[in-house]
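Please keep the sequence and the model side by side while reading the numbered points.

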Amino acid sequence: MPTLLEVLRLSTSFLAQRGSESARLDAELVTAHSLGLRRLDLYLQFDRPLREEELEPMRALLRRRAAGEPVAYLVGEREFYGRPFLVTPAVLIPRPDTETLVEAALAWARVRAADGGGLRIADVGTGSGCIGITMAAELPGASVVVSDVSPEALEVARHNIDRTRVGERVETVQGDWTTPLARHAPFDMLLSNPPYVTTAEVAELATDVRNYEPHQALDAGDDGLHAYRALLSHMATLLRSPAYVAVEVDPRRADQVAQLLGAALPGWDVRSRADLTGRPRVIEALSST
């Protein structure tokens, strides 16, 4: 019987030959999931022999990964801001770039109240719920409404709300952009990671994104700005004063989004926030009063 270490080496080689840029990590995540272990546990069990009945489910997942299916969908979760979130093909996979938005929003909120006491927060186009749920978990005094047009996405978000144990403070609503939020207004904060890939660019995305992640959450029309226009069209009527707005952006279109935000919220202080690579990743707007 092959040992766990031997299987990891073979799996890493298999995935690398088929184009994985993170073959070792992918192999470890798939192996740990198949065996019901934490990734750390693999290093403590390198000499463990693996039986055929343990290997076959692992091989099936490795074949799917080799075909391009994202690891997060294979194992059913992705970590975001230190917490595991359920993900399915109904939602985008949370990415570290989006933590930039959360950090910016938390900084504003904590100036208002250390625990977010009394704040009402909206997360528009929530997908997995990673933004709104993280805000609720980090700010135990805040209440959050998360919205999405997709009922399948909201089902995933509800699972994550339960998993994170913030259900008493997070409400889900279905509808397009800000439409379902009117009856829950006003809000102190409005956050969103909307689609921002142009229709032409969707075809150029990496295979694991293009073929597996939901295009509804990616495609933002010919100029990559359609979602922002829809999001901003009635935003001002939903906000208290003072208030805070933050949206994730494609760095190439950060200036255009900043202009749209400035036009929608005249007189507000519009700023750009860089991600860990130094590129503009979030446009935020703060009311002056």
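**Note on backbone, pairings and pockets**

1. R165 lies in the loop between α8 (151–164) and β5. Helices (H or I, at least four residues) and strands (E, at least two) are DSSP runs, numbered from the N terminus. Although R165 is not a glycine, its phi is positive, at about 60°. R165 counts as exposed, at 72% relative accessibility. Here buried means under 20% relative accessible area, exposed over 50%, and partly exposed in between, with a 1.4 Å probe and protein chains only.

2. Two remarks on the source apply throughout. This is a predicted model, in which local features need pLDDT of at least 70 and side-chain atom pairs count only at pLDDT 80 or more, whereas totals for chains, interfaces and linings use all residues. Residues are numbered from 1 along each chain as its sequence is written, and side-chain values use heavy atoms, with hydrogens and water left out.

3. Y81 also has a positive phi, of about 50°, without being a glycine. Is Y81 buried or exposed? With a relative accessible area of 18%, Y81 is buried. Y81 sits in the loop between β1 and β2, and the hairpin of these strands has two residues between them. β1 and β2 (residues 83–86) pair in the antiparallel sense over four bridges; two strands pair if DSSP finds at least two bridges between them.

4. How many aromatic pairs does the count give? The count comes to three, under the rule that rings of Phe, Tyr and Trp (its six-membered ring) pair if their centres lie within 6.5 Å; planes under 30 degrees apart count as stacked, over 60 as edge-to-face and the rest as tilted. F80 and F85 form an edge-to-face pair, because their ring centres are 6.2 Å apart and their planes stand at 85°. Both F80 and F85 are buried. W108 and Y244 form a stacked pair, with 5.4 Å from centre to centre and 25° between the planes. This pair links distant parts of the chain, since W108 belongs to helix α6 and Y244 to strand β7 (residues 239–248), 136 residues apart. Both W108 and Y244 are buried.

5. Two cis peptide bonds deserve a check in the viewer. One joins A185 and P186, with omega about 5°; P186 is in the loop between β5 (170–174) and β6 (187–192). Another joins S241 and P242, with omega about 0°, and P242 is in strand β7.

6. R183 is found in the loop between β5 and β6. R183 is exposed, at a relative accessible area of 64%. Its side chain makes a polar contact of 3.5 Å with the side chain of H184. A polar contact is a pair of N or O atoms within 3.5 Å; within protein, one must be able to donate a hydrogen and the other to accept it, and residues adjacent in sequence count only if both atoms are side-chain atoms. For E69, in the loop between α4 and α5, a polar contact of 2.8 Å joins its side chain to that of R64. E69 is buried, with a relative accessible area of 13%.

7. The largest pocket holds about 1300 Å³ of space. Of its 39 lining residues, the closest to the centre are S22, D26, V71, A72 and R78. On a 1 Å grid over the protein atoms alone, a pocket is an open set of points where a 1.4 Å probe fits, with protein on both sides within 12 Å along at least five of seven lines; lining residues have an atom within 4 Å of a point. Grid points are joined across faces, edges and corners, and a volume is the space filled by probe spheres set on the points. Which element gives the largest share of the lining? That element is α2, with five residues.

8. The second largest pocket has about 960 Å³ of space. Its lining comprises 43 residues, with L92, N193, P194, A217 and L218 nearest the centre. Elements that each supply at least two of the lining residues include α6, β3 (120–124) and α7 (130–138).
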